[in-house]
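Colleague: I would like to learn how to read a few local features in a model. Could we take them one by one?

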Amino acid sequence: MRESLNEENIGSLVKASIRMWGRSSPRRFFFFIRVFTRFWRAELCRIRGSRRLGAHICRVIALSPTMLCNYDCIGCYSRDRPVHDELSTEELDSLLGEAERYGIFAIVLTGGEPLLREDLLPLIYSHRRLFFVLITNGSLMTDEKARTLAKSGNTVTLVSIEGHLQYTENRRGSGSHRSALEALRMLRVAGACYGFAATVTSANMYDVSDETFIDKMADLGCAVGYLVEYVPCGTAPREELLMDSAASAIFRKKVCALRRSKPIVLIHFPDDEYGREYLCSAAGRASVHINSQGDIEPCPFVSVSRENIRDGGLEAVFTSPFLREIRKRPVLLRRKNYACSLFEHRSELASLLSEIDDAGE
């Protein structure tokens, strides 16, 4: 079995974190201290909430405040998703307030391009008990936004970049590489905590796992690198971008070596998510996805839902019969060839949803 986040490689992650903190400013060091403090407080709240509700409460919510984007990236999972009737500012505010009360630790802001929502940064700032991971293409970053993110003290911003210039611009368009680097510069000047995010494909796997690239990201001040293997979803999947099992194993070996030697925390999806049992953490086990219309989905890669937070708030997430039945079926949570097990089993998920509807749950 490959190394997983819950096994031997956790030691290298901790060591990388210590090295990073040692070379960082006191501000970044105390940022991580606050993050760990928030985690333990949230965990106590989450346990109490689970007992009170009689249902499992997940630790992480992936939230897409919008599916709109100013880029048109090849192989993006959010392409052709609905963009109408987005959650309002008031609805997002209520959702985040509930997350605080239930002991949700982290909100991963994805999309679409989250920074298209002008109300997003004020919401982040007003919900300081939550830890946010903001994933952005960086093109809409400004000095003012970077300062707001730094001042909030509760956000890690991940700027999407696909390696060096060629691969980034091939996938994201002309000027995207320069925009990403400029966003990282602004975040550094502001004193924010930030990193990079890369979609790993057969085309760029060697580029994003190259020492030169990782050194450059560390030199630019990145604390974290989030490496996500490509999932061929959406209406125009690109199967040729998939890594085969041999290439994926090579990439994994390089990531584990890099995290032992570089002053940056590297997180590799899916291997670092699936854990000792090699099961996906989505469908409410540890995380769930809420799209821009409020639909409750097992994960961002699978656009299948039964409940909506507009009808029951977050309690609808924790008590969802659909998510509960997914969690009871380990075969649906165990991946085979793709980086997302639920995407591989999407036809079974659709059948399960029909069964639950027919049963009238």
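This is a predicted model: local features need pLDDT of at least 70, side-chain atom pairs count only at pLDDT 80 or more; totals for chains, interfaces and linings use all residues.

Colleague: At what angle do the axes of H6 and H7 cross?

Modeller: The axes of H6, residues 165-172, and H7, residues 176-190, cross at roughly 110° and come within 8 Å. Angles of 65 to 115 degrees count as roughly perpendicular. H6 is therefore roughly perpendicular to H7.

Colleague: Next, a single residue. Is Thr201 buried or exposed?

Modeller: Buried means under 20% relative accessible area. Thr201 has a relative accessible area of 5%, so Thr201 is buried. Its place is the loop between strand S5 (193-200) and helix H8 (205-208).

Colleague: Which residues is Thr201 in contact with, leaving aside its neighbours within four places in sequence?

Modeller: With those neighbours left aside, Thr201 is in contact with Tyr230, Leu241 and Met243. The side chain of Thr201 also reaches the backbone nitrogen of Ala203, at 3.1 Å.

Colleague: Now the backbone. What should I expect of phi and of peptide bonds?

Modeller: Most residues other than glycine have a negative phi, and most peptide bonds are trans. The exceptions deserve a look.

Colleague: Which residue has a phi near 50°?

Modeller: Asp85 does, and this is a positive value in a residue other than glycine. Asp85 is in the loop between strand S1 (60-63) and helix H3 (89-102). Ala283 is not a glycine either, yet has a positive phi of about 60°. Ala283 sits in the loop between H11 and strand S8 (287-290).

Colleague: What is the relative accessible area of Ala283?

Modeller: The value is 0%, so Ala283 is buried.

Colleague: And the peptide bonds: is the one from Gly111 to Gly112 cis or trans?

Modeller: The bond from Gly111 to Gly112 is cis, with omega near 15°. Gly112 belongs to the loop between strand S2 (106-109) and helix H4 (120-126).

Colleague: What about the peptide bond from Phe269 to Pro270, cis or trans?

Modeller: That bond is cis, and its omega is near 15°. Pro270 is found in the loop between strand S7 (265-269) and helix H11 (271-274).

Definitions and conventions: Residues are numbered from 1 along each chain as its sequence is written. Side-chain values use heavy atoms; hydrogens and water are left out. Axes are lines fitted to C-alpha atoms, for helices over the stretch in contact, and angles run from 0 to 180 degrees between N-to-C directions. Helices (H or I, at least four residues) and strands (E, at least two) are DSSP runs, numbered from the N terminus. Angles under 35 degrees count as roughly parallel, over 145 as roughly antiparallel, 65 to 115 as roughly perpendicular and the rest as oblique. Buried means under 20% relative accessible area, exposed over 50%, partly exposed in between (1.4 Å probe, protein chains only). A polar contact is a pair of N or O atoms within 3.5 Å; within protein, one must be able to donate a hydrogen and the other to accept it, and residues adjacent in sequence count only if both atoms are side-chain atoms. Contact means heavy atoms within 4.5 Å.
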